[in-house]
Amino acid sequence: MADHEGFREFVLARGPALSRTAFLLTGDHALAEDLLQETLVKTAARWRRAMRDGNPEGYVRKIMLNQMRTWRRPRRLTFLTVGEVPETAAGADEASQAERKVLLKRALAVLAPRQRVVLYLRFYEDLTEAETAAQLDCSIGTVKRHAHDALKRLRKVAPRLLAESDISEVRS
Amino acid sequence: MTTPLNRVYRELEQDARDYADPDRALAALRRRRTRRGLTAASLAIVIGVGGVVLHERAPTPANLAVPALQPPGVIEPPGNAVALPAGTAVGRGVLIYSPCRNCANFLVTADGRQYRLDSTPASGNFTLSPDGRYLGMPVGENYRSFDLIGGGTADIRRDAVTERPGYVLRPWVWTADPNFLVLAAHRDGDVDSYVMIDMSVPGANIHRLPPPAGRKITIGYMAYGYLSTGTPLELDERIHEQTPFSRQTEGVAFKEVPLSNGSTLKAEHSPSETFSDKDHGLQIQVRGERIYAVTYSAEGTAVVQYDLRGRRLARMPLMADETPLGPSEYGYTVIRGQYGSEGSQTLVSLSPTAVSLSSTGVSLSSTGRRELLTLPGTATVVLPGMARY
């Protein structure tokens with residue numbers, strides 16, 4: 001019972017941050033909800049272990065990333081209307097921001113789960129390739145390959161997201 | 001260093017909602033442990049007695065499962081129904097129904113609760129997304145969408161779609177991605193324009209849909225479905241070769257129906273089989289990568305399943321008292337029983353996977369039927385994924 005109380009308190013306190021991570025990994029509210037829920041069920045089952053290291057949030061994030069990478073959901077059919085997103089008049093920053101968000105959400109939908117995880121860690125969490133590799137328990141080469149494939153795909157489906165600079169040159 | 005992608009991620013994070021529910025996670029954990037315990041106990045008993053090993057499929061986590069109608073069930077209107085609250089998450093919808101003509105409409109959620117839908121006009125033009133997450137209904141001359149999981153609502157204004165007087169918004173078809181609904185602005189079936197609504201975006205983004213390349217939107221322009229490639233599947237101009245084009249396809253016996261993706265559906269089960277006749281127009285629907293067409297012949301009505309290349313995959317003969325509704329999460333769904341009767345109707349799903357080969361082709365075996373729900377004899381229903389009906 002005490003375990004459950006601790007788990008409840010933790011989720012209530014850190015739920016919004018974990019929700020953000022789930023949403024940025026999936027780009028879809030329904031998928032994010034499913035991903036976070038599955039992560040929390042697994043966390044609840046191992047709550048003592050999560051508390052043992054004194055960093056339950058790190059533990060939960062690790063479960064979420066692994067869950068995302070190995071999630072066996074039916075492949076989702078993706079509908080792309082990228083070509084129909086209207087060009088924005090210069091200065092219309094809010095509209096432009098909304099369009100960028102739509103572009104990213106749709107772009108995420110066409111990426112493989114591992115590619116989304118790598119992009120999230122590299123471009124949202126701002127981790128280096130070495131740190132990303134450590135998080136995912138894989139080699140730097142694997143991280144590079146996933147990042148390269150993801151950016152290549154993004155350039156194809158949403159070039160505007162990468163237009164202002166060459167992201168492949170971001171520090172490694 | 002900040003790159004455009006860094007910045008967009010920071011912008012996108014503002015759209016995240018709070019999905020965390022510790023009590024739901026703990027309840028799911030309890031269910032899984034109970035199930036595992038029961039499975040282990042069953043295995044131990046069976047092995048001990050007969051040495052027979054049960055192979056049980058790993059349980060699907062409850063929160064990931066597609067909501068399902070739980071057969072057998074009887075749906076009746078609640079005595080004291082609560083209106084669907086705006087801005088509140090109520091859970092995925094599995095059915096919308098009206099118990100009788102001009103009665104109120106009710107949403108049934110995956111856990112069996114029912115909510116009254118206060119639309120104006122009171123009937124028609126409801127829709128549920130294929131995954132049961134989004135509900136749409138008319139409110140005056142506008143259209144309102146509800147996110148049944150996230151709790152948001154959005155109004156799509158008619159005048160944002162068309163300025164022509166007398167035209168109203170009607171749900172037309174869901175795309176292969178369950179977040180996107182195509183709405184048509186029409187008057188008496190005469191479509192003025194189509195828009196695609198992204199339900200997953202707060203406020204529901206509207207994208208105006210251009211007509212297919214080289215074509216005007218005409219009275220006959222009618223998308224049966226949107227494929228995963230994003231292209232509409234509709235009647236092809238080749239249909240003109242069979243008849244002067246008319247929106248009404250009753251009265252013309254189509255043996256072949258050419259579609260815009262280059263494929264042609266053929267009714268070839270028997271010489272008398274056609275896709276339409278003097279009493280019935282074309283009824284063609286798309287779900288995922290499958291096309292379903294209703295055919296009529298001396299032997300009766302049937303539903304034929306095709307792939308996108310027009311190859312016939314299965315033929316499902318209907319019983320005399322069955323009316324085809326359309327493909328849904330539950331299989332191809334029909335209503336059994338006489339509409340308007342005092343008694344009841346039964347919602348039945350046909351499974352095109354339960355097929356048997358015969359000399360006349362592929363046909364559905366009798367085991368491919370599953371009774372889903374019993375409804376009042378005067379009820380009309382809307383299933384997830386159904387839009388124009």
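Me: Which residue is the bridge partner of Thr346(B) in strand 27 of chain B?

Reply: Thr374(B). Before we go on, this is a predicted model, where local features need pLDDT of at least 70, side-chain atom pairs count only at pLDDT 80 or more, and totals for chains, interfaces and linings use all residues. Residues are numbered from 1 along each chain as its sequence is written, while chains are lettered from A and ligands numbered from 1 in the order in which they are written.

Me: What makes strand 24 and strand 27 of chain B a pair?

Reply: Strands (DSSP runs of E, at least two residues, numbered from the N terminus) pair if DSSP finds at least two bridges between them. Strand 24 (residues 344-350) of chain B and strand 27 (residues 369-376) of chain B have 7 bridges, in the antiparallel sense, so they pass.

Me: How do you know that strand 23 of chain B pairs with strand 24 of chain B?

Reply: Those two share 5 bridges, again antiparallel, with Val348(B) in strand 24 as partner of Val334(B). Val334(B) also stands opposite Pro324(B). Strands 22 and 23 of chain B form a hairpin with 2 residues between them.

Me: Why is strand 22 of chain B called largely enclosed?

Reply: Count its buried residues (20 or more other C-beta atoms within 10 Å of the residue's own, placed from the backbone; exposed is 12 or fewer, partly exposed in between). In strand 22 (residues 322-328) of chain B, 6 of the 7 residues are buried, so the rest of the structure largely encloses this strand.

Me: Why does Lys144(A) count as partly exposed?

Reply: Lys144(A) has 16 C-beta neighbours inside 10 Å, so it falls in the in-between class. Lys144(A) lies in helix 8 (residues 140-157) of chain A; helices are DSSP runs of H or I, at least four residues.

Me: What makes helix 7 of chain A roughly perpendicular to helix 8 of chain A?

Reply: The axes (lines fitted to C-alpha atoms over the stretch in contact, with angles from 0 to 180 degrees between N-to-C directions) come within 8 Å and cross at roughly 105°. Roughly perpendicular covers 65 to 115 degrees (under 35 is roughly parallel, over 145 roughly antiparallel, the rest oblique), so helix 7 is roughly perpendicular to helix 8 of chain A. Contact means C-beta atoms, placed from the backbone, within 7 Å; the residues involved include Thr132(A) of helix 7 and Lys144(A) of helix 8.

Conventions
Contact = placed C-beta atoms within 7 Å.
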